[in-house]
Amino acid sequence: MRIWIDADAAPTDVKEVIFRAAKRLQVETILVANRPVSAPANATTVRSIVVGQGADQADKYIVDQSEAGDLAITADLPLAGLLVEKGVYVVDPRGEEYSPATIASRLSMRNFMDEMRGAGMVTGGSPPYGPKDKKAFAATFNRLLTKAL
């Protein structure tokens, strides 16, 4: 079992939670991004993969290399959909678990909001990442990590 992080936009707080767990449990953890993302020097089970520039290169790498039973962290719903389909546990940085029961409706809402923005409707954005988000992420991450192990 490995932990995959879609690292291009993962908040620092999220990475810190993951790095502590990876070190404590000795779980291989892979940061995947289009640019170098460093891991703490004492995180011996964490490594970084830099993929080529271009849309969805990190996503493609994670989908190609992950296996059923792995755990992935991403806010990218299309990536989450592909991973859930593959049997990977998926959580977003705000603590939402994506599962076969929830991913279709989440993708549908994302597509609807994209259409609204494309039509010129102002839809707002996500609120800033805060302590409640970190707490929710840590709880969901720890639950899924326990399940995956």
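Hi everyone, and thanks for coming. Please keep in mind that what we are looking at is a predicted model.

Let's begin with the layout. The protein chain contains five helices and six strands. If you walk along from the N terminus, the elements come in the order β-α-β-β-α-β-α-β-β-α-α. The chain has 149 residues, and 40% of them count as buried. Now think about contacts in the protein chain with a separation of 6 or more: 52% of these are made by residues 24 or more positions apart.

So what sits inside? The largest nonpolar core has 24 residues. Ile-3, Ile-5, Ile-18, Ile-73, Phe-137 and Phe-141 are the ones with the most contacts inside this core. Several elements supply at least two residues each: strand 1 (3–6), helix 1 (12–25), strand 2 (29–33), strand 4 (71–73) and helix 5 (131–148). Which element gives the most to this core? That is helix 1, with six residues.

Let's zoom in on Ile-5. Setting aside neighbours within four places in sequence, Ile-5 touches Ala-10, Ile-18, Phe-19, Thr-29, Ile-30, Leu-31, Val-32, Ile-62 and Ile-73.

Two packed helices are described by the angle between their axes and the distance between the axes. Here, helix 1 and helix 5 pack at an angle of about 30 degrees, and their axes are 10 Å apart. Why do we call these two helices roughly parallel? Because angles under 35 degrees count as roughly parallel, the pair falls in that group. The crossing of helix 1 past helix 5 is right-handed. If you want to find the meeting place on your screen, look on helix 1 for residues including Val-14, Ile-18, Ala-21 and Leu-25. On the helix 5 side, the residues there include Phe-137, Phe-141 and Leu-145.

Now for the aromatic rings. A pair of aromatic rings is described by the distance of the centres and the angle of the planes. How many aromatic pairs does a search of the whole structure find? The search finds two.

Is Trp-4 buried or exposed? Trp-4 is buried, at a relative accessible area of 2%. Tyr-61, on the other hand, counts as partly exposed, at 25% relative accessibility.

The other pair is Phe-137 with Phe-141, and this one is stacked, with 5.4 Å centre to centre and 20 degrees between the planes. Both residues lie in helix 5, four residues apart, which is about one turn of the helix. Phe-137 is buried, with a relative accessible area of 0%, and Phe-141 is buried with a value of 0% too.

Asp-59 is part of helix 2. Is Asp-59 buried or exposed? Asp-59 is buried, with a relative accessible area of 11%. Leaving out neighbours within four places in sequence, the contacts of Asp-59 are Asp-6, Asp-76 and Leu-79.

Note on methods
Residues are numbered from 1 along each chain as its sequence is written. This is a predicted model: local features need pLDDT of at least 70, side-chain atom pairs count only at pLDDT 80 or more; totals for chains, interfaces and linings use all residues. Side-chain values use heavy atoms; hydrogens and water are left out. A nonpolar core is a set of buried Ala, Val, Leu, Ile, Met, Phe, Trp, Tyr and Cys residues joined through side-chain atoms within 4.5 Å. Buried means under 20% relative accessible area, exposed over 50%, partly exposed in between (1.4 Å probe, protein chains only). Contact means heavy atoms within 4.5 Å. Rings of Phe, Tyr and Trp (its six-membered ring) pair if their centres lie within 6.5 Å; planes under 30 degrees apart count as stacked, over 60 as edge-to-face and the rest as tilted. Axes are lines fitted to C-alpha atoms, for helices over the stretch in contact, and angles run from 0 to 180 degrees between N-to-C directions. Angles under 35 degrees count as roughly parallel, over 145 as roughly antiparallel, 65 to 115 as roughly perpendicular and the rest as oblique. A crossing is left-handed if the near helix is turned anticlockwise from the far one by less than a right angle, and right-handed if clockwise.
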